[in-house]
Amino acid sequence: AAVRDAIEAGADRVEIDVRLARDGAVVLMHDLDFRRVAGDARRVGDLSLADIQQIDVGSWFNPRFAGERVPTLDETIEA
């Protein structure tokens with residue numbers, strides 16, 4: 001959501017953090033685990049992309065972001 005908002009606002013760059021999932025997928029994630037953003041203590045590197053895509057990382061922040069998923073680096077570059 002933050003990257004989409006930055007694009008819509010006309011930003012010419014954004015700062016991102018990336019991590020590797022267990023299966024080698026590169027995902028946008030600042031934290032080592034999902035505790036802060038989803039109440040889930042599992043670590044990014046211990047999960048496959050399919051597992052990660054099941055985690056709602058938006059509801060904790062605001063109900064309007066409910067259902068927000070962790071994007072891959074490729075999805076973000078395409079955006």
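These legends describe a predicted model, first as a whole and then in several close-up views. Residues are numbered from 1 along each chain as its sequence is written, and side-chain values use heavy atoms, with hydrogens and water left out. Local features need pLDDT of at least 70 and side-chain atom pairs count only at pLDDT 80 or more, while totals for chains, interfaces and linings use all residues.

**Figure 1. Overview of the protein.**
The secondary structure comes to four helices and four strands; helices (H or I, at least four residues) and strands (E, at least two) are DSSP runs, numbered from the N terminus. Read from the N terminus on, the elements follow the order α-β-β-β-α-β-α-α. Along the principal axes, the C-alpha atoms fill a box of roughly 35 × 30 × 15 Å. The radius of gyration of the protein is 12 Å, which agrees with the value near 12 Å for a compact globule of 79 residues. This radius is taken over C-alpha atoms, and the globule rule is 2.2 Å times the number of residues to the power 0.38. Of the 79 residues, 30% count as buried. Buried means under 20% relative accessible area, exposed over 50%, and partly exposed in between (1.4 Å probe, protein chains only). The protein exposes about 5300 Å², of which carbon and sulfur atoms supply 50%; accessible areas come from the Shrake-Rupley method with a 1.4 Å probe, and for residues only the protein chains shown count as cover. Among contacts with a separation of 6 or more, 34% are between residues 24 or more positions apart, where contact means heavy atoms within 4.5 Å.

**Figure 2. The largest nonpolar core and Phe34.**
The largest nonpolar core has 13 residues. Such a core is a set of buried Ala, Val, Leu, Ile, Met, Phe, Trp, Tyr and Cys residues joined through side-chain atoms within 4.5 Å. The members that touch the most other members are Val27, Met29, Phe34, Val44, Ile52, Val57 and Val70. Apart from neighbours within four places in sequence, Phe34 is in contact with residues including Met29, Val44, Ile52, Val57 and Val70. The contacts of Phe34 also include Asp40, Arg42 and Arg43.

**Figure 3. Arg4 and Glu68.**
The whole structure holds five salt bridges, a salt bridge being a side-chain nitrogen of Lys or Arg within 4 Å of a carboxyl oxygen of Asp or Glu. One of them joins Arg4 to Glu68, with the closest N and O atoms 3.2 Å apart. This pair links distant parts of the chain, since Arg4 is in helix α1 (residues 2-8) and Glu68 is in the loop between α3 and α4, 64 residues apart. Arg4 is partly exposed at 46% relative accessible area, whereas Glu68 counts as buried at 18%.

**Figure 4. Two further salt bridges.**
Arg36 pairs with Asp31 in a salt bridge whose closest N and O atoms are 2.8 Å apart. Arg36 is partly exposed, with a relative accessible area of 47%, and Asp31 is buried, at 15%. The side chains of Arg42 and Asp40 form another salt bridge, 2.8 Å from N to O. Arg42 is partly exposed at 39%, while Asp40 is buried at 16%.

Asp56 lies in the loop between α3 (49-52) and α4 (73-78), and its relative accessibility of 25% makes it partly exposed. Asp56 and Glu68 are twelve residues apart in sequence, and their C-alpha atoms are 5.5 Å apart in space. Not counting residues up to four places away in sequence, Asp56 touches Val37, Ala38, Phe65, Ala66, Gly67, Glu68 and Arg69. Thr72 is in the loop between α3 and α4 and counts as buried at 10% relative accessibility. Beyond its neighbours within four places in sequence, Thr72 is in contact with Val26, Val27, Leu28 and Leu49.

Val14, Ile16 and Val18 make a nonpolar surface patch of about 210 Å². Patches are made of residues with over 30% relative accessible area and no salt bridge, with like charges joined within 9 Å and nonpolar side chains (Val, Leu, Ile, Met, Phe, Trp, Tyr) within 5 Å. Val18 belongs to strand β1 (residues 18-20) and is partly exposed, at 41% relative accessible area. Glu15 is in the loop between α1 and β1 and is exposed, with a relative accessible area of 75%. The C-alpha atoms of Glu15 and Val3 are separated by 8.9 Å, and the two are twelve residues apart along the chain.
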